[in-house]
Amino acid sequence: MQVNDDLKWMRQALDEARSALFLASPNPRVGCVIVGVDGVLAGRGFTQRAGGPHAEVMALRDAARRGCSVAGATAYVTLEPCSHQGRTGPCCEALTRAGVVRVVASIADPNPLVGGQGLARLRAAGVRVDVGPCATDSRELNLGFFSRMVRKTPWVRMKIAASLDGATALANGDSQWITSPAARKDGHAWRARACAVLTGIGTVLADDPRLDVRAVETDRQPHLVVVDSALQTPLDASLFIAGRTLYIYAGVENNEKKRVLEERGATVVVVPDRHGKVDLVAMMRDLARREINELHVEAGSKLNGSLLRDGLVDELLVYLAPKLIGEGLGMAQMAPLADLSQAYELDFNSVDRVGEDLRILARLLGRDCF
């Protein structure tokens with residue numbers, strides 16, 4: 001019976017965690033529900049914006065607001081309660097002080113600043129600790145956070161909108177609009193959950209995109225990342241939106257252009273490879289140091305191909321329209337393969353209809369095994 005109750009309450013905690021999808025970055029999306037000794041929900045909460053209260057504190061506050069005692073209660077948390085003093089205090093101590101006697105966590109925190117210490121401190125305080133219910137769901141919700149902590153790189157999701165025969169634009173470059181309004185709105189929701197949106201200078205020069213979130217409500221806009229080897233980003237580009245963080249990665253030193261771009265509010269990072277282009281691997285590591293968990297790619301076929309070639313893509317988010325375009329621009333520019341065994345193998349995570357279109361989430365094999 002307790003196992004069933006644990007699953008029931010942890011699923012409610014996961015529902016709370018999903019409420020932090022567009023909000024918590026760069027912190028993990030965490031939910032917490034507290035169940036009193038009478039078996040009734042006492043409080044619930046989810047992690048707020050960075051620097052704000054974590055899920056456990058929000059649930060304790062909710063219980064206080066409801067007038068519910070948490071003495072002797074059980075807390076269900078989708079990630080190990082933190083044990084360190086960051087922008088907020090340790091959640092393990094907050095639970096202990098409140099009189100919680102049992103904590104059920106989905107999964108241990110991969111952050112080396114926590115890494116089991118929160119669970120150990122709870123046990124040392126006499127709190128019963130159980131770990132495991134809904135671990136896969138919790139980890140899936142925070143793949144970007146796990147990737148950054150374990151691999152030291154973001155989780156990279158490449159978004160592509162194409163016709164059924166795989167064209168992302170006509171041969172003349174016209175691509176507005178291949179997919180339906182419903183698919184475009186759904187794409188904005190995926191932008192909103194990302195820490196940053198990445199594009200290439202080719203897209204900036206051709207389309208002058210804003211790459212912000214407009215079609216869904218969100219309390220935060222993702223950062224912007226531009227791969228711009230020769231620092232060609234125009235000073236009047238629409239990417240320069242007040243209040244948004246813009247990183248421009250270059251492959252050559254150009255102190256004058258760097259100065260004027262930074263005066264416009266950008267952060268310019270020079271990470272050259274041996275060809276004078278941007279070292280994409282070094283860029284990913286630098287983005288992780290800048291607390292980017294999920295990186296959402298909306299770029300052209302050339303940059304898409306380079307990211308795939310360097311093994312930097314974790315999954316593809318593909319919208320397929322019920323249209324045949326014929327010869328046009330492809331999804332990713334790649335060198336011809338000599339053998340089918342060299343193909344990039346993927347696993348269909350999900351296939352759903354969105355408006356008139358199909359949405360396919362396909363993961364590179366083995367990319368979630370870190």
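This is a predicted model: local features need pLDDT of at least 70, side-chain atom pairs count only at pLDDT 80 or more; totals for chains, interfaces and linings use all residues.

Mentor: The residues of α2 that are buried are Ala 55, Glu 56, Ala 59, Leu 60, Asp 62 and Ala 63. Buried here stands for a relative accessible area under 20%, whereas exposed stands for one over 50%. Viewed down the axis of α2, the buried residues fall within an arc of 160 degrees, so they line one face of the helix. An α-helix has 3.6 residues a turn, so residues three or four places apart point the same way. On the other side of α2, the exposed residues are Arg 61, Ala 64 and Arg 65.

The dimensions of the helix may be considered next. Helix α2 runs over residues 55–66, which gives 12 residues. From the first C-alpha to the last, α2 reaches 16 Å, close to the 16 Å expected at 1.5 Å a residue. Just after α2 comes Gly 67, whose phi is positive, at about 75 degrees.

The second largest pocket also deserves attention. Among the residues nearest the centre of this pocket is His 54, together with Asn 27, Pro 28, His 84 and Asn 111. In total, 23 residues line the pocket, and the space within the pocket is about 430 Å³. By type, the lining comprises 10 nonpolar, seven polar and six charged residues. Helix α6 (residues 143–150) provides the largest share of this lining, with three residues.

Definitions and conventions. Residues are numbered from 1 along each chain as its sequence is written. Side-chain values use heavy atoms; hydrogens and water are left out. On a 1 Å grid over the protein atoms alone, a cavity is a set of points where a 1.4 Å probe fits but cannot get out, and a pocket is an open set with protein on both sides within 12 Å along at least five of seven lines; lining residues have an atom within 4 Å of a point. Grid points are joined across faces, edges and corners, and a volume is the space filled by probe spheres set on the points. Helices (H or I, at least four residues) and strands (E, at least two) are DSSP runs, numbered from the N terminus. Ala, Val, Leu, Ile, Met, Phe, Trp, Tyr, Cys and Pro count as nonpolar, Asp, Glu, Lys and Arg as charged, and the others, Gly among them, as polar. The expected span of a helix is 1.5 Å times one less than its number of residues. Buried means under 20% relative accessible area, exposed over 50%, partly exposed in between (1.4 Å probe, protein chains only). The arc is that of the directions from the helix axis to the C-beta atoms.
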